[in-house]
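Hi,

Here is the model I promised to pass on. Have a look at it first, and my notes follow below.

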Amino acid sequence: WYQRRVRGRHDYDHSIRIPAASISLLDPDKNLVWNYKTVPQEGSAQGFLNNRMTLPLGKVLGGSSSIGDMIYGRGNPADFTSWGSGWSWQDLLPYFLKGERAMDIDGSQYHNSDGELPVSRGAEDCELSNAFASAAQELGLKAVDYTSKDQIGVSQTLFTMKVGERWSAARAFLEPALNRRYKVHMTTNSVASKILFSGNRATQVVFNEDGVNKAVRATKEIIVTGGAIETPKLLMLSGIGPADELGKHKIPVVADLPVGKGLKDPLKIWLRYKSDKQVSVTRDKLTSAKSFLEYYFNKAGTWSETLQSQTTVFLDTKSGSQPDVNINMLRAVALPNQAEILGVKYELEDPFNAGLYDSNTEGFTFYPYPATPRQYWRGTTEKHWYTRSPSHRP
């Protein structure tokens, strides 16, 4: 039988499944995120306390798929060109399709309705999203499906949602597996701290469960799925990484590899606009009895939708073959007021806009960012143990 050890907490918090509650999940008091921060920045993060950007990662079953805004994506084909033979976008497309259950998407070669992960356009018609799409098309952008090979243009955004509820990776893939006896054994409140090796073969995983150190032996293989930050952190703590960096922390080197380098994480620019129409998400709309009752009885209304727009735009500003800018829109005024909508104590300062907005201001936010960022981030381990966070410096 197979064993799988899952890091994090159970996903019992009811707000995880409510799309509009996604921002509240970042509240450190909920203990659903690893609230990592970058080291102080010099040329960016001027709106954050001490110039340290927050990097929230899901500390719950499903990882960040349980706390994010549920946008479904596959990347651009050019992103896979350096992955080697057998790992191109076209090679991986059958696996993208195998896992997808398209809910309300017209049939095409890029979508499948028989998989485990629900993917939909969102249930509620959004006036802001429609206006965004119309404006983009008036500028000459063609309508595309951004999950296909051709991303340049304007597309409807797809979400990992079904009938007004979030579907995380845990809900789609892990929960069904747990119902098959003798296949999956799961632990929660567990943190992997090290992989042990016999020569060059990984043989055991050491983890801490409720304060007790334990180990599990692998008879076949170990799959590390900690994400873009936790996976390299665990590998480096296990001796796989740059020898000079590991040497600083007296970690025995198993393999001298450039682990912890090359992370691409694009910086976003927040462009806020007030609206003279009642079309955005505000505190009063979210906290009204009507919104509660619509969602409780019908899984509809304000609570059933993410704050993200149902429209996304990919631009090619350099006459290349792939998009280099992605523009999305929030159906609300951006942080910190977006956080205030649900009472989140989000550590963000914004001296430039102080006093211009409040939690009931009608408005929307565009946030463009580079689709192919050239900025690489470097991560290091601060200490040879799992209780310390990685260090991040762009």
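Is Glu175 buried, exposed or partly exposed? Glu175 is partly exposed, with a relative accessible area of 31%; the cut-offs are under 20% for buried and over 50% for exposed, with partly exposed in between, using a 1.4 Å probe and protein chains only.

Before the rest, two notes on where this comes from. It's a predicted model, so local features need pLDDT of at least 70 and side-chain atom pairs count only at pLDDT 80 or more, while totals for chains, interfaces and linings use all residues. Residues are numbered from 1 along each chain as its sequence is written, and side-chain values use heavy atoms, leaving out hydrogens and water.

**Overall picture**

The chain has eight helices and 19 strands; these are DSSP runs numbered from the N terminus, with helices being H or I of at least four residues and strands E of at least two. Of its 394 residues, 46% count as buried. Taking contacts (heavy atoms within 4.5 Å) between residues at least 6 apart in sequence, 62% join residues at least 24 apart. The chain exposes about 20700 Å², and 51% of that comes from carbon and sulfur atoms; accessible areas are Shrake-Rupley values with a 1.4 Å probe, and for residues only the protein chains shown count as cover.

**Salt bridges**

Side chains of opposite charge can pair when their charged atoms come close. The structure holds nine salt bridges, each being a side-chain nitrogen of Lys or Arg within 4 Å of a carboxyl oxygen of Asp or Glu. Here are three of them:

- Glu175 pairs with Arg17, with the closest N and O atoms 3.7 Å apart. This links distant parts of the chain, as Glu175 is in helix α3 (residues 169–178) and Arg17 is in the segment before β1 (33–37), 158 residues apart. Arg17 is partly exposed too, at 33% relative accessibility.
- Arg74 pairs with Glu100, and their closest N and O atoms are 3.0 Å apart. Arg74 lies in the loop between β2 (54–58) and α1 (89–99), Glu100 in strand β3 (residues 100–102), 26 residues apart. Arg74 is buried at 5% relative accessible area, and Glu100 is buried at 0%.
- Lys277 pairs with Glu127, with 3.6 Å between the closest N and O atoms. Lys277 sits in the loop between β14 (271–274) and α6 (283–287), and Glu127 in helix α2 (residues 127–138), 150 residues apart. Lys277 is partly exposed at 48%, as is Glu127 at 46%.

**A buried Arg with no salt bridge**

Arg166 is in strand β7 (residues 165–166). Arg166 is buried yet has no salt bridge, and the nearest side chain of opposite charge, Asp69, is 5.9 Å away. Its side chain does reach the backbone oxygen of Ser66 at 3.5 Å. Leaving aside neighbours within four places in sequence, the contacts of Arg166 include Arg17, Ser66, Met70 and Arg171.

Helix α4 (residues 227–237) is largely enclosed by the rest of the structure, because nine of its eleven residues are buried. Among them are Glu230 and Lys233. After α4 comes Gly239, with a positive phi near 100 degrees.

Helix α7 (residues 289–298) contains Leu293, which is partly exposed at 42% relative accessible area. Phe292, Leu293, Tyr296 and Phe297 form a nonpolar surface patch with about 470 Å² of accessible area together. Patch residues have over 30% relative accessible area and no salt bridge; nonpolar side chains (Val, Leu, Ile, Met, Phe, Trp, Tyr) are joined within 5 Å and like charges within 9 Å.

Cheers

Note on methods:
Lys, Arg positive; Asp, Glu negative; His and termini not counted. Polar contact = N/O pair within 3.5 Å; in protein donor to acceptor, adjacent residues only side chain to side chain.
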